[in-house]
Amino acid sequence: METIQNQFLRHILALPRGTPGALKRAETGLPSLRARVHLAVLKSWKRNRTVNSSSFSHLSFNSMLSKDAVRLPYLNSLLSRYSISDDLSSSAELRDRIYKCDALLDRSSIIKSQSAQWYKIYKSAHLRSPYLVNIANQNLRAAFTCLRFETMPTAILAGRFSKTPKNLRFCICGNLALEDLPHCVLHCPNYVQPRNKFLSGILSGLSSLPDNEKIAFLLADSDVHISHRISLYAPTAKKIRANIVPLRARSI
């Protein structure tokens, strides 16, 4: 079931195969299906604890557990995992505790992941990213996602598959600069025109910041105007690169 949700999220976000599920859940603010199953089990347990001890549902539930060598240990493991006790006041509190633990597990996985190295800098909260609603155009929304997840075609990305040493993944601009996210967004001479058109006003106010802070600011999705300008820049830069690569290949 987890695979089905991951495939659905990959399609919605227009991300390539192999994108870790934790990244996709962090972007959309969704819990894992594992956490949803745990919640359903523990809600049943909690509901049973609140009904009359002589009721049919209570007796049936306890009878089922006592005769099942798998379900009782499983239930006990969930109670221990989430530190659930009888004094847990509401289903909402139960849900929040389970989903918080799930989000922390995803965050730990993201920090350890080799995918989307910059993502862990500008995304920490396990909440739906605002641009998924604020940017209505599907293509522009996908373009913004492309930069946030570093899936725009670059030498850095291609080098992961060709096993090119990271310090040799140079940009096609010929300046012997690594074709990483800061270079593509802030410096590459191939993209001067779209940079001036869409980002110049924003970048002029960030001139005193180092590159890593500029990228974190531009891709944090904290301002709908900035996210929209980035979403316009990304596909234009991608198209320019796609036109340059064949020409460069023929000249070699």
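This briefing describes the fold, the charged pairs, the aromatic rings, the cysteines and a surface patch of one protein.

The structure is a predicted model, in which local features need pLDDT of at least 70 and side-chain atom pairs count only at pLDDT 80 or more, while totals for chains, interfaces and linings use all residues. Residues are numbered from 1 along each chain as its sequence is written, and side-chain values use heavy atoms, with hydrogens and water left out. The protein has 15 helices and 0 strands, where helices (H or I, at least four residues) and strands (E, at least two) are DSSP runs numbered from the N terminus.

**Overall build**

- Of the 252 residues of the protein, 41% count as buried; buried means under 20% relative accessible area, exposed means over 50%, and partly exposed lies in between (1.4 Å probe, protein chains only).
- The accessible surface comes to about 14,000 Å², and 57% of this surface belongs to carbon and sulfur atoms; such areas come from the Shrake-Rupley method with a 1.4 Å probe, and for residues only the protein chains shown count as cover.
- Among contacts between residues at least 6 apart in sequence, 63% join residues that are at least 24 apart, a contact being heavy atoms within 4.5 Å.

**Salt bridges**

- A search of the whole structure finds 8 salt bridges, each defined as a side-chain nitrogen of Lys or Arg within 4 Å of a carboxyl oxygen of Asp or Glu.
- One of them joins the side chains of aspartate 106 and arginine 25 at 2.8 Å, N to O; this pair links distant parts of the chain, with aspartate 106 in helix α6 (residues 91-112) and arginine 25 in helix α2 (residues 21-28), 81 residues apart.
- Lysine 123 counts as buried at 8% relative accessibility, and glutamate 27 counts as buried at 0%.
- Aspartate 102 forms a salt bridge with arginine 34, with the closest N and O atoms 2.8 Å apart; because aspartate 102 lies in helix α6 and arginine 34 in helix α3 (residues 33-50), the pair ties together parts that are 68 residues apart in sequence.
- Aspartate 102 is buried, with a relative accessible area of 3%, whereas arginine 34 is partly exposed, with a relative accessible area of 33%.

**Aromatic rings**

- The count comes to 3 aromatic pairs, under a rule by which rings of Phe, Tyr and Trp (its six-membered ring) pair if their centres lie within 6.5 Å, with planes under 30 degrees apart counted as stacked, over 60 as edge-to-face and the rest as tilted.
- Tyrosine 119 and tyrosine 122 form an edge-to-face pair, 6.0 Å from centre to centre and with 75° between the planes; these tyrosines are 3 residues apart in helix α7 (residues 119-122), so about one helical turn separates them.
- Tyrosine 119 also pairs with phenylalanine 149, and this pair is tilted because the planes stand at 35°, with the ring centres 4.8 Å apart.
- Since tyrosine 119 lies in helix α7 and phenylalanine 149 in the loop between α9 (138-148) and α10, the pair ties together parts that are 30 residues apart in sequence.
- Tyr119, Tyr122 and Phe149 form one aromatic cluster; tyrosine 119 and tyrosine 122 are both buried, and phenylalanine 149 is buried too.

**Cysteines**

- The count of disulfides comes to 0, a disulfide being a pair of cysteine sulfur atoms within 2.5 Å.
- The cysteine sulfur closest to that of cysteine 146 belongs to cysteine 184 and is 9.9 Å away, which is too far for a bond; cysteine 146 is buried, with a relative accessible area of 13%.
- Cysteine 171 is in no disulfide either, and the nearest cysteine sulfur, that of cysteine 173, is 3.6 Å away; cysteine 171 is buried, with a relative accessible area of 3%.

**A nonpolar surface patch**

- Leu168, Phe170, Leu176 and Leu178 make a nonpolar surface patch of about 370 Å²; patches are made of residues with over 30% relative accessible area and no salt bridge, in which like charges are joined within 9 Å and nonpolar side chains (Val, Leu, Ile, Met, Phe, Trp, Tyr) within 5 Å.
- Within this patch, leucine 176 is placed in the loop between α10 (155-162) and α11 (181-187), and leucine 176 is exposed, with a relative accessible area of 65%.
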